[in-house]
Amino acid sequence: MVATPVTGTRSVRLTFGFPMSSIDINPDDVSTLLEHFTVVPAATRSGGIPATGWARLAMALHPLHGTSDAIVLVDLADGSTIVIDWGRKDYWWHGASVVPIEPTITNVRLFRGAGARLPYMIEQPDDLSTMLWHIGIHAFPNAIAWWFADAARYRLSGWPDFTSVAHTPDQVRMTALLGTAPFTAGELAAAAGVDLVDAQRLLNALSLMALVREIPIEVGDEPTVIAERPRGLFARLRARLGR
Amino acid sequence: MSEHVILFAGPMGAGKTTAIQSLSEIEMVSTEAANTERHVVDKETTTVALDYGEITIGDDEKVRLYGVPGQRRFDFMWAILKERAKGMVLLVNNDSPDPVARAVEYLGSFTELVESGCAIVGISRRDIARSPGPSDYSAAISAAFPGTLIPVFTVDPRDQAQMTTVLLTLIATLDSRQPVSMQEVAP
């Protein structure tokens, strides 16, 4: 299979050399998304597709966790192309100098097949985790991501590489809290003393990076009111260091 | 005076001295001597006792930053300092032989801090050697110390912003382990 995504100033020719199936996801075709990818009730609850294009890409990528045989090509309206080697957790972005907050994605092409890897790329890749963080933070700006269950808490299963991504001290603190106990977005916001949307955006990013695990809330498990945790040394040091 | 001791540990050449220089508000106290192991790491001097830096918070609180020598023959210093340590930053140079195994080995010398979640790993020189990545370290550390969740970051010890993120993350993990009050909602 050969794919030739054309970028603004150059072309990248990809020869995979093994059989793969592919799915072209028209960004306006909701039924394609619903047919090919797991969408939990939050999708319908949200009242439609979020305005930003990152949500569409997030919906395509989230179901890939647990698999390693996929290559994803993403075309953006500005002429740039994102190439993702899911197995190696690498990505390349051709033709863009600034990573947009709200991109317009014109097409997502997903290639799946046993051992799907990009055989050779001249340019040094970047860590896919940094892109997943960016997508997760911006994909659903005012809501929990569609794939989250209604009755579940989330606990940290791995740390994002905070020195490699744009972050806030509150996100660091919330992540640390998630390492100590499972939280819903609301409980996390209360414990950290932040707005609900800030907790939701962090959970969206960590989930897209597969760094939280879901813990269902059992029937009879009473909801809890969580007092804001003392900010302690973290707050004093943060103020001292001007963060 | 309230004080919080943070250790900087790891193999020779990982950037411990530089990391403390990046964070300390005072001129760093250092015990450098000629490096007799230039076949291991090609630098002229290395730490033989400890490095020291500090950050003052208010009138009566300090974060004390201690860098311990990387060579195993100085491990008696590790035992002295870890008794007072609240947390540890382990730095590992990614272009050294089998850096993941070295990280696990060093963490094994500070088991109490690791198992209580008071440690963080910084991978230096990843611009020279891209692999292994943070997830490789995390997997090995989780296997060696089940039940722990140690942050693993890519770092440039010369970069003050990155080292500040490392230090704040470590402190956030320490703070998050303080007791919490939770109230059941009345049915």
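Predicted model: local features only at pLDDT ≥ 70, side-chain atom pairs only at ≥ 80, totals over all residues.
Q: At what angle do helix H6 and helix H7 of chain A pack?
A: The angle is about 120°, and the axes are 8 Å apart. H6(A) spans residues 185–192, and H7(A) spans residues 196–208.

Q: Why are H6(A) and H7(A) called oblique to each other?
A: Angles of 65 to 115 degrees count as roughly perpendicular and those over 145 as roughly antiparallel. The angle here is about 120°, so the two helices are oblique.

Q: Is the crossing of H6(A) and H7(A) left-handed or right-handed?
A: H6(A) passes H7(A) in a right-handed crossing.

Q: Which residues make that contact?
A: H6(A) brings Ala185(A), Gly186(A), Leu188(A), Ala189(A) and Ala192(A). From H7(A) come Leu196(A), Asp198(A), Ala199(A), Gln200(A) and Leu203(A). By class, seven are nonpolar, two polar and one charged.

Q: How many residues of chain A are in contact with chain B?
A: On the chain A side there are 32, in contact with 35 residues of chain B. Helix H5 (169–178), strand E11 (224–226) and helix H8 (232–240) of chain A each supply at least two residues to that side. H8(A) gives the most, with seven residues.

Q: What classes of residue does the side of chain A that touches chain B have?
A: It has 16 nonpolar, seven polar and nine charged residues.

Q: Is helix H3 of chain A mostly covered or mostly uncovered?
A: A residue counts as buried if 20 or more other C-beta atoms lie within 10 Å of its own. H3(A), residues 53–61, is mostly covered, with nine of its nine residues buried. Among them are Trp54(A), Arg56(A) and Met59(A).

Note on methods:
Residues numbered from 1 in each chain as written. Chains lettered and ligands numbered in written order. Axes fitted to C-alpha atoms, helices over the stretch in contact; angles between N-to-C directions. Helix = DSSP H or I, 4+ residues; strand = E, 2+ residues; numbered from the N terminus. Parallel < 35°, antiparallel > 145°, perpendicular 65-115°, else oblique. Left-handed = near helix turned anticlockwise from the far one by under 90°. Contact = placed C-beta atoms within 7 Å. Nonpolar A, V, L, I, M, F, W, Y, C, P; charged D, E, K, R; others polar. Buried ≥ 20, exposed ≤ 12 C-beta atoms within 10 Å, placed from the backbone.
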